[in-house]
Amino acid sequence: MLRYISKILYVVTGKKKNLLLMVFVFISVSLLDTIGIGLIGPFMSLATSPEVIAQKQWLNSLYIYWGFQSPYQFISALGICVILIFYVKSYLNFLMQGYIFKFSLNQWGKLVERLLKAYLAADYTFHLQRNTSSILQILLVETGHFSNSILIPLLVSISNATVLLFLLGLLAWTSLPATIAVLGIILLTFLISNLFKDRMSRWNQEGSEAQNLLIQAVNHSMGGIKETKVIGCESYFERQIAQHTKTYANLIGSVLVFGNLPRILIEAFLITFLIGFTSIFLFSGQEPQKLISVLSVFAIASIRMLPAASALLGSTTTVRSYQYIVDKLYLDLKEAEVEKKETLSKVHVYQNDNVAKPLELNQRALDFSRQITLDQVSYTYPGATSPSVQDISLIVEKGQAIALIGKSGAGKTTLVDIILGLLQPQSGSIEVDGVSVYKDLRQWQNLIGYIPQSIFLMDDTVERNIAFGVPDGQIHATRLRQAIEAAQLSQLISELPEGLQTKLGERGVRLSGGQRQRIGIARALYHEREILVLDEATAALDNETEQLVNDSIKALSGTKTLIIIAHRLSTVEHCDRIYQMEKGTIVKEGSYKEVVLNESSIV
Ligand SMILES: Nc1ncnc2c1ncn2[C@@H]1O[C@H](COP(=O)(O)OP(=O)(O)O)[C@@H](O)[C@H]1O
Ligand SMILES: [Mg+2]
């Protein structure tokens, strides 16, 4: 349990001092609560038998001190005190509840922010092993559970526990047998609901898995809507979704039902006890009048104490059953940081904080005036048995265009991902003008523009898609125009209904393949990067469109340094140097003539 609490505290963002302060406020409010309830008893007994004032020394002195004219005045004054205490207590209670809710929901927001930051900062390898549905679920659903089903119940529990403790003290002072009876009821309820704790935890966890599968199924059905429609497999996804929602509903339904168990049990036990107690009392021939005083103690207990107890038991059960969420959040927050440090410490001597920093923090790029050198670079994917890239050495001169060719699976994309700084090689070095890129990965990445086979497009305007990640006010108009021209997009944009402000649709559904690729090129050009990396950027295009895209690429050679992975050999004809890869190694290198046409360079 302590480990659990410490994990919760790790997930909570900000100063933990506030929490201590809150506990202090809880205790004060509970104390007030107890005093108020504690005064009801004397008020009642005074109201029914005012002669007590004269009998009790302290009441009498109070009576004289305040100069009351009649016992009824005194009783009314006492009543007003009780009322005032209750009003103050209720008001404080209201404020406290509000604070708990605000605090917990604020924590939710901070948690989402923190997790998103961790996921964005996490290594690319972390994302290779994670499903986006699970990240979506954690960010949008589980974080909500953390605040609503863990933090709020936990904080409310603390306040309920203090009320309970004080009232138990008060009860023990008035009637010890009644205290033992109440404690017995609470203990019995606790023991019974404890029987279900593992089951509830399992239901919750399985429910969350079902929910993840549900998100995945929705993703799959909508993500491949074209295929789904043409193949006609809508019912396949419908069945999947129906199955997952049913599982989820059953599991979470059970959790909700059993979460209410303490309240139901306490009610039943209380009634059993009251009726049983009264019957035994009467049967044993005692005076019914005496019964009243015992029962009034129970009335107090059942008004305030047992509700507090049932809420306390209910929320502890809920909090415990959500333990898996805290584990998940804790792991993800930790993993994202720790994994990063580990991989970095494996590479080279630059072990300190050379984590890629977000763009706006560091716009500077490494100096690049001569060449990029890869020396003996090897990379094995996590969990893979053999390296996907092995002992690769190559040199790219500034302004040159090099091409990587080879069969699918040869390791071209892996090599390019290493160059992009997405994957960190287990051995070897990458240097720019003699300086390791790992000295400052962000500055190295600031040199590179990347154009993959399928360009990621946002459902947003052309302008925002080209100036990807740049806030509206900071989009540079001239650079935008130049990028559009160089990528041969001017005509297309002039034909669009709203020009640069036309929305492209999700993943760019309103564009053709070649148009999407050219947006990708314009994006790389807008960011004015020295080195352009193209991974099969034209592979999916028909010959004619490819020609168009190739023309835009060719226009760049000489001004930019190009690293091109090409599927069709025609694309690489103009490249200065060609590397042919096979099974993770370079098997042939030289000019187009040497490698592709197989002509010897020696004339
Ligand atoms: N995330 C991954 N985890 C494990 N192995 C991978 C992963 N990605 C690629 N591979 C393996 O690495 C090898 C090289 O793949 P890749 O670089 O994509 O080849 P290419 O781009 O030349 O077609 C392949 O054998 C592939 O199965
Ligand atoms: Mg590839």
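1. A residue is called buried if 20 or more other C-beta atoms lie within 10 Å of its own, exposed if 12 or fewer do, and partly exposed in between, with C-beta atoms placed from the backbone. In helix α2, the residues F26, V29, S30, D33, T34, G36, I37 and L46 are buried. Helices (H or I, at least four residues) and strands (E, at least two) are DSSP runs, numbered from the N terminus.

2. The model is predicted: local features need pLDDT of at least 70 and side-chain atom pairs count only at pLDDT 80 or more, while totals for chains, interfaces and linings use all residues. Residues are numbered from 1 along each chain as its sequence is written, and chains are lettered from A and ligands numbered from 1 in the order in which they are written.

3. Two packed helices are described by the angle between their axes and the distance between the axes. The axes of α2 (residues 17-48) and α7 (residues 132-174) come within 9 Å and cross at roughly 35°. Here axes are lines fitted to C-alpha atoms, for helices over the stretch in contact, and angles run from 0 to 180 degrees between N-to-C directions. The crossing of α2 and α7 is right-handed; a crossing is left-handed if the near helix is turned anticlockwise from the far one by less than a right angle, and right-handed if clockwise.

4. The residues that make this contact include M22, V23, F26 and I27 of α2 and L155, I158, F166 and L170 of α7. Two residues are in contact if their C-beta atoms, placed from the backbone, lie within 7 Å. By class, the contact of α2 with α7 has 13 nonpolar, seven polar and one charged residues. Ala, Val, Leu, Ile, Met, Phe, Trp, Tyr, Cys and Pro count as nonpolar, Asp, Glu, Lys and Arg as charged, and the others, Gly among them, as polar.

5. F166, in helix α7, is buried, with 21 other C-beta atoms within 10 Å. Not counting residues up to four places away in sequence, F166 touches S30, L31 and T34.

6. D391 lies in strand β2 (residues 389-397) and is partly exposed, with 14 other C-beta atoms within 10 Å. Q488 lies in the loop between α18 (477-486) and α19 (490-495) and counts as partly exposed, with 17 C-beta neighbours inside 10 Å.

7. N446 lies in the loop between α16 (441-445) and β6 (448-451). N446 and R364 are 82 residues apart in sequence and 6.9 Å apart in space, C-alpha to C-alpha. Leaving aside neighbours within four places in sequence, N446 is in contact with Q363, R364 and A365.
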